[in-house]
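Me: I am new to this structure and would like to know what the words used about it rest on. Please set each value against its definition as we go.

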Amino acid sequence: MSELDKQSIDQQQHWVSDKAYNPNHIEAPDEKAKRYYKASQWRRMWWQFKQHKLALYSALFIILMYLSIPFVEFLAPYSLPTRHTDHIYSPPQSVHFFDEQGDFQGPFVYGWDYELDMVRLHRNYSEDKSKQYAVEFFSRGDPYLLFGLIPTDIHFVGVENGGTLFLLGTDRLGRDQLSRMLYGMRISMTIGLVGVILSFFLGITLGCLAGYYGGWVDNLIQRITEVIRSIPELPLWMALSALLPITWSPLWVFFGVSTILAFLDWTGLARAVRSKLISLREEDFATAAVYMGAKPKRIITKHLLPGFFSHLVASASLSVPAMILGETALSFLGLGLRPPVTSWGVLLNEAQNVNIVAIYPWLMAPAIPVICVVLAFNFLGDGLRDAADPYSNANGS
Amino acid sequence: MIRYLLTRIATMIPTLLAISVLIFIIIQLPPGDYLETYIAELESQGESIDPQKIAALRADYGLDKPLAVQYWHWISNFVQGDYGYSFEYERPVAEIMGDRLWLTIILSFFTILFTWLIAFPIGIYSATHKYSWGDYGLTFVGFLGLAIPNFLFALIMLYVANRYFGTSIGGMMDPEYLDQPWSWGKLKSVLEHMWIPMLVIGTSGTAAMIRRLRANLLDELHKPYVLTARAKGMSEVKNLTKYPLRMALNFFIADIGSLLPSVVSGAEIVAVVLSLPTTGPLLLAALQAQDMYLAGSFLMFLALLTVIGMLVSDVLLFLVDPRIRFQKASK
Amino acid sequence: MILKSLIHSIFAIALLSSAVAQASEPPYLQAQIDSGELPTLYERLPDIPAFGGTEHLSVGQYGGTLRLLMAKSKDIRMMTVYGYSRLMALDKNLQLQPDILLRLENEDNRVFTLHLRKGHRWSDGELFTAEDFRFFWDDVANFEPLSPYGPPQAMKVDGQLPEFSVIDDYTVRFSWKDPNPNFLPEIAGPSPLYLYRPAHYLKAYHPRYVSEEQIEQQVEDTNSKNWRKLFHNKARQYKFTNPDLPTLQPWYNTTAIPAERFVFKRNPYFHRVDREGQQLPYIDEVTIQLASSSLIPAKAGSGESDLQARNISMDDYTFLKSAEQESKKIKVLLWDTALGSQIAIYPNLNASDPQWRETLRDVRFRRALSLAINRHELNQVIYFGLARESANTVLPHCPLFDTSLKDAWAGFDIEQANALLDDMGLERGSDGIRRFADGRKLDIIIQTAGEKNEETDMLELIKDTWRQVGIRLYTKALQREVLRNRVFSGQAVMSVWMGLPNGIPTAEMSPASLAPTRQDQLQWPAWGRYAETGEGSPPDIPEVQRLAELNDAWTMSSNSAQRLAIWDEMLKIHAEQVYSIGLINGTLQPVVINPRLQNVPEKAVYNWDPGAFFGIHRFDTFWLKPEGAS
C-alpha cells in the first residue's frame with residue numbers, strides 16, 4: 001500500500017476550482033460550429049446539398065431549362081411549322097468566324113446548297129464560299145406570339161436574309177432541328193413536372209391515409225398498390241393510351257399522357273409515405289398532439305409530414321426523369337403524343353430507323369437533351385436525398 | 001410465422017382475382033377485337049375476306065359472346081392450366097410461349113449478372129469516397145445507361161456492331177445456326193449477339209442499384225461500430241466487407257422477389273428493337289393485335305410471378321434479417 | 001388460225017418431249033431418285049408440262065438456297081403468292097394463260113370447261129385429278145358442317161350457284177346461268193379462289209370417309225376444339241401452315257409454326273419446265289427468316305436477304321444504295337408500283353353532318369380542293385421528282401389510260417380553286433378562312449391511319465396550299481380500325497388511304513372498285529354497304545348511280561368491246577367528279593437482290609393484284625449463279 005492510500009480521502013490533498021462552470025472550457029465552438037448548431041433544418045439541408053457539387057450544377061441546369069420554357073419561341077432560330085423545301089435533310093452547318101483570307105468577320109455562315117446524287121438519291125450539301133451571311137443576335141425572323149400574347153418577330157439568334165442557320169441540321173421536310181428540339185423541350189419537361197405533381201398528390205394522400213389510419217384503410221390501399229405494381233407497365237400504358245378519346249385536342253392528350261404516367265408512379269411514393277408515417281405516428285410528439293385534441297389532418301400535415309417532406313421531394317425529383325423517359329417510350333410504341341405535337345419523344349421516334357442512324361445521324365440529337373435532363377434530375381435527386389435528413393448519421397453530425 | 005404466411009396467401013387470392021379482371025379490361029379496352037385487326041391488316045395488303053367467313057370466325061372464336069362470358073371462360077380455364085388458344089398463331093398459348101421462355105430467362109440472367117458486376121464496384125466506391133471527383137465520374141457513367149433512351153441506344157449498337165464487327169442484325173444468333181444443334185460456332189454467334197441486349201438493358205438497371213447500394217452502405221458506414229473497428233486497427237477493406245457490406249446487401253435478398261417477373265418479361269422494348277426471340281416482342285404484338293388469350297394469359301402469368309415474388313422476398317427478409325423478427329416481437 | 005396454233009402446239013410439244021427426255025435431274029433430288037424414293041423426271045412431270053412464258057428468260061442452273069425476310073409468321077403465305085401456281089395465271093403482259101390447267105374452254109363467260117394435265121401429281125406423288133375438284137365441291141363447299149354459308153362468294157352470280165359436273169378423270173365443268181366475268185380473274189388472283197383440295201389427304205379427316213371414332217381420336221390426339229377446326233387447320237392451302245398438306249406450288253413448307261425460320265423445299269412434282277425441258281424451280285430451298293419489320297431494311301442492306309421488296313420502301317433507298325456501293329453484297333433495283341395514287345384523299349359523301357354532306361356532294365368543292373394541291377412540290381419534296389403527279393386513276397402503261405384522266409383537275413391553280421369556292425357562296429371571314437352559311441369555319445379534319453411518314457408529310461404540305469384558298473386542314477391520326485369505323489358511321493368528313501388498288505387494269509378485270517360495291521370504300525361507305533348487304537339506302541347522286549349501273553352491266557357483258565366502253569365511261573366519270581383526290585402515283589419500289597440472282601427483271605411492276613408481287617415475273621425461274629462464275 002502506498003503512502004497515499006494510508007491516508008483517508010478527506011485528508012488527501014485535492015483541489016476544487018471555484019470558478020463558475022463553463023461547459024465549453026475545453027473546446028469552445030467557433031463561429032462556424034455555433035452557426036451550425038443554431039441553424040434551422042432547411043439551412044442545414046442547403047449546406048449539405050451544396051457539398052454535392054454535381055447536384056448543385058444539375059440544379060442550376062434544370063432551373064435554367066425551366067426558365068427558358070416561356071421564351072422558347074424567342075430562343076429558337078425558326079418557328080415550329082417553318083419548312084425549307086430547298087434544304088431537306090441538311091446536315092448541321094458550321095459557323096465561321098474567320099473568312100478565307102483570315103480576316104475576322106464575326107460569326108457568319110456560307111451559302112448552303114446541295115447537289116442531288118441521282119444514283120443514291122442523296123442530297124450532298126456543300127458550302128458556297130462566294131456567299132456570306134452574317135449570324136445576327138436579336139435578328140428578325142419568323143413572326144410569333146411571345147407568351148402567346150405579344151406579336152413580334154425577334155429571335156435570339158438568326159441569320160441575315162437569304163441565309164440559313166441550321167445549327168443541328170434539318171429533317172425530311174426541311175424543318176430546323178434545333179428549333180424543333182427547343183419546342184420539344186417545352187412539352188417534355190412540363191409533362192414530367194405535371195405528372196410528378198399529380199403523382200405526388202395521389203401518393204401522399206393515399207400514403208397518409210394508409211399510414212395514419214391503419215386497419216382496413218391500410219389494407220385496402222396496400223392491396224390496390226399491390227395490384228397496380230403487379231401489372232407490367234407496358235400493357236397498362238397501352239391500354240390507358242387507348243382510352244384517350246380520339247377527338248381530344250393535343251393539349252388534352254398531353255394531360256392524359258401525364259396522368260397515365262403519374263398513375264403508375266404514385267405507388268412507390270405511397271409506400272414510402274406509409275412506412276415513414278407508421279414509424280412516426282408512435283413518436284411522443286404525435287401522441288402529445290393527439291391528447292391535445294388535434295384533428296388527424298392537422299397532425300398529419302403540421303407535425304408528421306414536415307419530418308420527412310424532404311425525402312418526398314427527393315423521390316419526386318427522381319420521378320421526373322422516369323416520366324420523361326416514359327413519354328419517349330410511349331412515343332416509340334406509337335401511343336401518347338404524335339405529330340404535329342412536338343416533344344423529344346416524338347422527335348426520337350421519328351429518328352428511330354436505320355436510315356437515320358446510318359445516313360442522317362444529326363437527327364438523333366434530341367437524345368442529348370434527354371440524357372442531360374435525366375442525368376441532371378438524377379443527380380439533383382441524389383443530392384436532395386443526401387441532404388434530406390441533415391440529422392442523420394450518414395451526414396456525420 | 002405460419003400464420004403470417006397463411007394470411008398473406010389468403011389475401012393474395014382476391015388480389016390476383018382483381019388483377020385478372022384488370023388485365024382482361026386492359027386487353028379489351030382498345031376498340032374492336034382481334035378479328036377487326038386481322039381484317040384491317042388484310043385489307044391494307046389489298047386482300048379481302050368473305051364477310052360470311054368473318055361471321056363464322058367470330059362465332060368460332062367466341063368473340064360474339066358478351067365480355068363477362070369471355071372473361072369467365074378465360075379465367076376458369078386458366079386456373080386449370082389451359083392458357084387458351086392464340087388467334088394469331090392458331091396454336092395453344094403454352095406451345096408458343098415455351099421456347100421463348102427459356103431464351104428470355106437465359107438472357108435476363110446474364111443481364112442481371114452484368115448489372116450487378118457494374119453496379120457493385122461503383123456503388124461501393126461512391127459510398128466510400130463520397131463527393132470526390134471519382135465518385136462523380138463513376139456515378140455519371142453508371143447513370144448514363146438509365147438516361148439514354150433504350151430503343152435508340154439499341155438501334156445504334158446494332159448498327160455499330162454490324163458495321164464494325166460484321167455481326168448480323170438482330171436476333172440471338174446468325175440465321176444459319178437457328179435449326180442446328182449446339183456447336184462452338186453457334187455459341188460464339190450467340191455471344192456476339194447477346195452483348196448488345198445485355199449492355200443496353202443492363203446499363204439501364206445499374207443506376208437504381210448503385211443508388212440503393214450507396215444509400216444503404218452510407219447508412220452503415222457512419223455507425224459507431226465501424227468507427228470502433230477502425231480505431232481498433234482493423235484494415236479498411238476488412239472493415240468494409242465484414243459487416244457494413246453484409247448489412248447493405250439485405251436489399252439484394254429483398255429484391256430476389258421482384259427478379260422473377262423482370263426475368264420473364266425481359267425488357268420488351270429493347271427486345272422488339274433488336275428482334276429478339278424472347279417473350280417481350282410476343283407480348284407486345286399480342287397486345288397490339290388484341291390476341292386475347294395469348295396476351296391475357298401471359299400477363300396473368302407475369303402478375304402471378306410478381307405477387308409470389310413479393311411474398312417470397314418478404315418472407316426471405318423476415319428470415320434473414322433478425323431485426324425485423326425482433327421488431328415484430330417487441331410490438 | 002386455229003390450225004396454225006394447233007400445229008404450233010404439236011410442234012412445241014414434240015420438241016419439248018425430246019428435251020425433257022434428255023434433261024437432267026435436279027441434283028438436290030438425285031439421291032432420292034437413286035434410292036428409288038422418287039421416280040425419274042419423266043414420270044414426275046405431267047404428260048404435257050407447262051412450258052410457256054420463259055422465252056425471254058435465261059436457262060438456269062440448279063442449286064442454292066434463297067433467303068427471304070418476313071415480319072410475321074403469317075407472311076409465309078407469300079410463298080403461295082410469289083410461287084403463283086394457279087389454274088389460270090397471268091403472264092407478264094397481264095394475259096391469262098393456262099398454268100395448272102392444260103386448257104380452258106370459256107363459253108360466254110358462263111360455261112367453263114377445265115382440262116387438267118394428265119399425270120400431274122401433288123407434291124407427295126399422288127395424282128391430281130377431277131376427284132380433287134369433286135371433293136371440294138361436294139364434300140367441302142356444299143357440305144354444311146364445313147361451309148355453313150356455302151361455297152365462296154366469288155362463285156355466286158346474283159346469288160346463284162353454278163352447276164358442277166365431272167366430265168372425265170381430267171375434265172370438269174362449271175356452268176352458270178348468267179355470265180360470271182369475275183371467275184377467271186378470281187382463280188388467277190394472288191389470293192386465289194381454290195376450286196380443288198388434295199382429296200386423298202383430306203379424306204382421312206372427313207366424316208364421310210372415316211368412322212366417327214377415328215375422327216374423335218384425331219381430335220383428341222391433336223388437341224383440337226372439334227373436327228371442323230381440325231379439318232380447316234389441315235386444309236389451309238394458301239397459308240402454308242400445315243407442312244404435311246400436299247401442294248402444287250413450286251416449293252412446299254417443311255416447318256411447323258411457331259418458328260423463327262421456315263424452310264421451303266422444292267416440289268419434285270412441279271408441273272412447269274423451262275424451254276430446255278428442265279423441271280422448275282431452279283432453286284432448291286427457300287428459307288424465310290422472321291425479323292421485326294423495322295429491322296428488315298437494315299438486314300437487307302447488309303446482305304441478309306437474297307430477294308426483298310416486302311417491308312422496304314423508298315425511304316430506305318439511299319441507305320440501301322450506299323450499302324450496295326460499299327459492300328457490293330447486294331444489288332438494288334427500282335421497280336414501279338401500280339397504285340392509282342400512292343395516297344388519295346377521300347371526301348366522305350355519306351358524312352353525317354348535313355352541312356358537310358351538302359358541301360362535299362357539290363362537285364365544285366371537290367374540284368377546288370383538288371386544284372389547290374401543289375402536286376409538283378409533293379413530288380419534289382417526297383419523291384425526288386421521280387414519281388408522277390396525277391389524279392387517282394389508271395397508269396400510263398395501262399391500255400385504258402388517257403392523259404385527260406391523269407390531268408383531270410390535277411393542276412395547281414389557286415385562282416380557279418378560289419373562283420369555284422366563291423361561286424359556291426363560301427365566303428371568307430376576317431382571318432381568311434371560309435365559312436358555311438351558318439358561320440362555321442371550313443375546318444376539315446382529315447383522318448389518317450398515321451402509319452406512314454409519307455401521309456403526314458404530304459398532308460403538311462397540302463395544309464399550306466389549302467390555307468391559301470381559305471380552308472384549314474387538321475390531321476388526326478387514328479388506329480386503322482377506328483378510322484374505318486368513323487368513316488362508316490359518317491363522323492369522319494374526310495380520310496386518307498391508298499388510291500386505286502389496281503392501276504393497271506384491263507377491260508377484262510372487274511371495275512368494282514370504281515363503283516359503290518363495298519362498305520370499306522372510304523368515299524361512299526353507306527352506299528357500298530347497301531350494295532353488299534342491302535341495308536341502308538342506295539346512292540342518290542345520278543353519276544354514282546350510273547357507276548353502279550355500269551358495274552352491273554359489266555358483270556352481264558358478253559364481249560370485250562362492251563367492257564372496254566364501260567371502263568372508259570367509268571373512268572371518265574371519276575375524272576370529272578373527283579370522288580377521290582389523287583396526288584402522286586408511279587412511285588418506285590426498291591427491290592434488294594443478291595447480285596448472283598438471275599432472271600429478275602431490272603424494271604417491272606410490283607403490285608398485289610394483278611401481279612402477285614413476284615408471281616407474274618416467274619419467281620420459279622430465278623436462279624443463283626454459282627459463286628466465282630463469270
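**Cavities, a sheet and a chain**

Me: How do the residues of the lining of the second largest cavity divide by class?

Reply: That lining has six nonpolar, six polar and no charged residues, where Ala, Val, Leu, Ile, Met, Phe, Trp, Tyr, Cys and Pro count as nonpolar, Asp, Glu, Lys and Arg as charged, and the others, Gly among them, as polar. The model is predicted, so local features need pLDDT of at least 70 and side-chain atom pairs, taken over heavy atoms without hydrogens and water, count only at pLDDT 80 or more, while totals for chains, interfaces and linings use all residues. Residues are numbered from 1 along each chain as its sequence is written, with chains lettered from A and ligands numbered from 1 in the order in which they are written.

Me: Why is this space called a cavity, and which residues line it?

Reply: It is called a cavity because, on a 1 Å grid over the protein atoms alone, a 1.4 Å probe fits at its points but cannot get out, and lining residues have an atom within 4 Å of a point. Among the lining residues are Ser370(C), Asn392(C), His574(C) and Tyr579(C). About 90 Å³ of space lies in this cavity, a volume being the space filled by probe spheres set on the points, which are joined across faces, edges and corners. Helix α21 (residues 560–577) of chain C gives the most to the lining, with three residues, a helix being a DSSP run (H or I) of at least four residues and a strand one (E) of at least two, numbered from the N terminus.

Me: How much space lies in the largest cavity, and what lines it?

Reply: The largest cavity holds about 120 Å³, and its lining divides into seven nonpolar, four polar and two charged residues.

Me: What makes β11 and β21 of chain C edge strands?

Reply: The open sheet of four strands has the order β11-β19-β12-β21 (chain C), with mixed pairing. β11 (307–308) and β21 (605–606) of chain C each have a single partner strand, so one side of each is left without a neighbour in the sheet. Strands pair if DSSP finds at least two bridges between them, and two bridges join β11(C) to the antiparallel strand β19 (residues 588–593) of chain C.

Me: How much of chain B counts as buried?

Reply: Of its 331 residues, 51% count as buried, that is, under 20% relative accessible area, against over 50% for exposed and in between for partly exposed (1.4 Å probe, protein chains only). The secondary structure of chain B comes to 16 helices and two strands.

Technical notes. On a 1 Å grid over the protein atoms alone, a cavity is a set of points where a 1.4 Å probe fits but cannot get out, and a pocket is an open set with protein on both sides within 12 Å along at least five of seven lines; lining residues have an atom within 4 Å of a point.
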